[in-house]
Amino acid sequence: MNLQQLQILDAIVHCESLQQAAQKLHKTQPALSMALKKLEQDCGFALLDRSQYRLQLTPAGQRFYLQAQQVLQQSHQLKSLARHLSSGAEPSLRIAFDEAIDLSEYLPVIAAAQQAYPQTELKLSCDYRLKALEKLNSQQADLAVSPWYDVFIGLGDFDTIAVGRFELICVATPQLLSRLGKPLTQHTQLAELPQLVADSDALSFDAGALLPLQSPHRFKVNNSLCMKQALLAHLGWGMVAHYQVQAELEQGTLVQLHPTEFPRFIGGEVHLVRHKHQLLGPVADSIWQQLAGRI
């Protein structure tokens, strides 16, 4: 058996089908089937139960897979160590920001790293409602800057430091609220109006569930710009980052919702996050150390 076979088994277990695993690994289904069959021949027992609609590990396969995961983790750590010990800075560094975060607070640190390591290609992305953490968890990003809740500890093997705070508020246009025909005092009145919600299932965490009310009439949006435009078009009320609508609040085109038993805002810490066993290269380490000194 070899490392590639273990990686194929890992992909199949996570995807629960050969087709999805093949797409994830950019290989053909016959190639994966052949590799899996060879691995089972080397082991001398069946790893997967093929009698169900979705592939599942056999009891023996579960024992084998637990050990295989340790081998794959050690392989990842070894590769990370090799990158750390190699000369020079990282060729590229991927940093994923959550759209609830005001980038202007963190870009000076990114700019300093760019000036110190001009040969490193910095790749920044902004993602909606915890997609930044999901990118990190799926190794599509090297660092993530995201809102942080304690529940995330169980969703990934993360190492984090607090680097700031975020604040989400519920807002609507005066025109939308006028449909109620009376002042908004009770949070249950909002059920009469459409609600704009994030179309995101990142890490299986529903940020909308933090609210004490869910309207039966919903519009789903997949990014913060769409959310803001939909709010201004009177399509519904919704939750946005305070910094994104500060000008509209001052102008009165949006108003913050303050009904009884409704939270004034939902906020918390912003964390810089990496994989716990990841050894940072000089560029990532520079950013980590500078942001760590902010609080």
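## F45 and F64

In this predicted model, F45 is partly exposed because its relative accessible area is 32%, a value between the limits for buried (under 20%) and exposed (over 50%), taken with a 1.4 Å probe on protein chains only. F64, by contrast, has a relative accessible area of 17% and is therefore buried.

A search of the whole structure turns up four aromatic pairs, where the rings of Phe, Tyr or Trp (its six-membered ring) have centres within 6.5 Å, with planes under 30 degrees apart called stacked, over 60 edge-to-face and the rest tilted. One of the pairs joins F45 and F64, whose ring centres are 6.3 Å apart and whose planes meet at 75°, so they count as edge-to-face. The two residues come from distant parts of the chain, 19 residues apart: F45 belongs to the loop between helix 3 (29-43) and strand 1 (48-49), and F64 to helix 4 (residues 59-85).

## Y149 and F166

The rings of Y149 and F166 also form an edge-to-face pair, because their planes stand at 80° with the centres 6.1 Å apart. Y149 is placed in the loop between strand 5 (143-148) and strand 6 (158-172), while F166 is in strand 6, so this pair ties together parts of the chain that are 17 residues apart in sequence. Y149 and F166 are both buried.

## The chain as a whole

The protein chain has 295 residues, and 44% of them count as buried. Its secondary structure amounts to 10 helices and 11 strands, which are DSSP runs (H or I, at least four residues, for helices; E, at least two, for strands) numbered from the N terminus. The C-alpha trace of the chain spans about 75 × 55 × 30 Å along its principal axes. Among contacts (heavy atoms within 4.5 Å) with a separation of 6 or more, 72% are between residues 24 or more positions apart.

Residues are numbered from 1 along each chain as its sequence is written, and side-chain values use heavy atoms, with hydrogens and water left out. Since this is a predicted model, local features need pLDDT of at least 70 and side-chain atom pairs count only at pLDDT 80 or more, whereas totals for chains, interfaces and linings use all residues.

## The largest pocket

The largest pocket has a volume of about 1,100 Å³, which is the space filled by probe spheres set on grid points joined across faces, edges and corners. On a 1 Å grid over the protein atoms alone, a pocket is an open set of points with protein on both sides within 12 Å along at least five of seven lines, a cavity is a set where a 1.4 Å probe fits but cannot get out, and lining residues have an atom within 4 Å of a point.

The lining of the largest pocket is made up of 25 residues, and those nearest its centre are D10, H14, L72, N137 and Q139. Two or more lining residues come from each of helix 1 (3-15), helix 2 (18-25) and helix 4, and helix 1 contributes the most, with seven. By class, the lining of the largest pocket holds six nonpolar, 14 polar and five charged residues; here Ala, Val, Leu, Ile, Met, Phe, Trp, Tyr, Cys and Pro are nonpolar, Asp, Glu, Lys and Arg charged, and the others, Gly among them, polar.

## The second largest cavity

Six of the residues lining the second largest cavity are nonpolar, two are polar and three are charged.

P194 is found in the loop between helix 7 (174-177) and strand 7 (195-198), and its relative accessible area of 16% is why P194 counts as buried. Apart from neighbours within four places in sequence, P194 has contacts with L176, R179, S215, H217, F219, L235, G236 and W237. From P194 to A116 the C-alpha to C-alpha distance is 49 Å, and these two are 78 residues apart in sequence.

L130 is not a glycine, yet it has a positive phi of about 80°. L130 occupies the loop between strand 4 (121-127) and helix 6 (131-137) and is buried, because its relative accessibility is 5%. H234, which is likewise not a glycine, has a positive phi of about 65°. H234 is in the loop between helix 8 and strand 9, where its relative accessibility of 27% makes H234 partly exposed.
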